[in-house]
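Colleague: I would like to learn how to read a ligand site in a model. Please take me through this one.

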Amino acid sequence: MRIGILTGGGDCPGLNAAIRGVTRRSVDTYQSTVVGIHNGWAGLIQGDTEPLSLYSVSGILHRGGTILGTSRTNPMKDPADIERIKENVKKFELDAIAAIGGEDTLGAAAQLNDLGIPMVGLPKTIDNDIMGTDATFGFDTAVSIATDAIDRLHTTAESHHRVMVIEVMGRHTGWIAIKAGIAGGADCILIPEVPKSLEDICALVKQRIKKGKTFSLVVVAEGFTLTHDKELVTQDDERDEFGHVRLGGIGEVLGAEIEQVTDIETRVTILGHVQRGGSPTPFDRVLATQYGVAAADLIHKGDFGKMVALRGTKIETTPLSDVAGQIRTVDMDLYEIAQVFFG
Ligand code: F6P
């Protein structure tokens, strides 16, 4: 077989491990040929590819980013692009495509599969918000980076008797905030799934003062909104090809308000893309490798229109059509546990 492979959307640690997994399994086990498609769907539209040999995927397991490049190009926006994709699939004689991505990339893969281009999806994103799987790779690394940052902010907050607001990524969901917040001992965790009022947030900080704790750690996901002002805080009004605005800045808004209401000196740290860079954790390397091998197996069985998924400890599959347009939000049992430690 000839298999195309692409990485779309925001990058995350583990992409190279997944590319290596698909390639090694396809070449070694099935004697197939693998074609790397550059920059997500953009490369399939433009016919921008490279052959992927065992040599090209050697030494990439532990490397962050993606050797193929990525983009937020939406292939379904322009019917002419869909035609170009069909032509390039023919031109490069691709029997199937392994699409590694988040909600947008996997949604496009589902639609292209319905149009007759055989697709298999691999779920990645630091946000961990893909339906149909217990985990996406990239998330564990992001949580580990965010936890390390919270630990570091903890000691300086304590020394200076300050409130530290730490803004982490999480466009639609608060998975990074909740996991890193619990791991780092946050006194308040703010997630998009649970809007909160400024009064309630400040009450938690004041409660700590009453307990004799002169510092507080507030972890906030970038997609969090206050109950009285449901507007997302964005960097600008521009939208990407999938209609998403660039989030970021809720930490600054909260920091200023908390300082004003509580009269406690407050500092804000926005972790940003640091959470997406660098080497994947062992967990992400293993998960991405498992997904890569399983995706190659699905392709060689001719089982298309599926996404590889983690359920418990097993790698299973889920229809791409069930994933498209869905978001997996934070488990409220986990939120309840986090709340035990608020204030
Ligand atoms: O989708 C993953 C993600 O990291 C989100 O958490 C964040 O909102 C977005 O990507 C940032 O995207 P960009 O890299 O385009 O700024």
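Modeller: Start with a polar contact, that is, a pair of N or O atoms within 3.5 Å. Here an oxygen atom of the ligand lies 2.8 Å from an N or O atom in the side chain of D127. The side chain of H273 has an N or O atom 3.0 Å from a ligand oxygen, and for the side chain of R276 the value is 2.7 Å. The ligand alone exposes 400 Å², and the protein buries 80% of that (Shrake-Rupley areas, 1.4 Å probe).

Colleague: What kind of model is this, and how are residues numbered?

Modeller: It is a predicted model, where local features need pLDDT of at least 70, side-chain atom pairs count only at pLDDT 80 or more, and totals for chains, interfaces and linings use all residues. Residues are numbered from 1 along each chain as its sequence is written, and side-chain values use heavy atoms, with hydrogens and water left out.

Colleague: Which residues surround the ligand?

Modeller: A residue is near a molecule if one of its heavy atoms lies within 4 Å of it. The ligand is surrounded by R72, I126, D127, M169, G170, R171, E222, H273 and R276. By class, this shell holds 2 nonpolar, 2 polar and 5 charged residues, with Asp, Glu, Lys and Arg counted as charged and Gly among the polar ones.

Colleague: Where does the ligand lie relative to the domains?

Modeller: Domain bounds come from an automatic or database assignment. Domain 1 (2–138 + 280–323) and domain 2 (142–276) both give residues to the shell, so the ligand lies between them. Their C-alpha centres are 33 Å apart. With contact meaning heavy atoms within 4.5 Å, 17 residues of domain 1 touch 15 residues of domain 2.

Notes. Polar contact = N/O pair within 3.5 Å; in protein donor to acceptor, adjacent residues only side chain to side chain.
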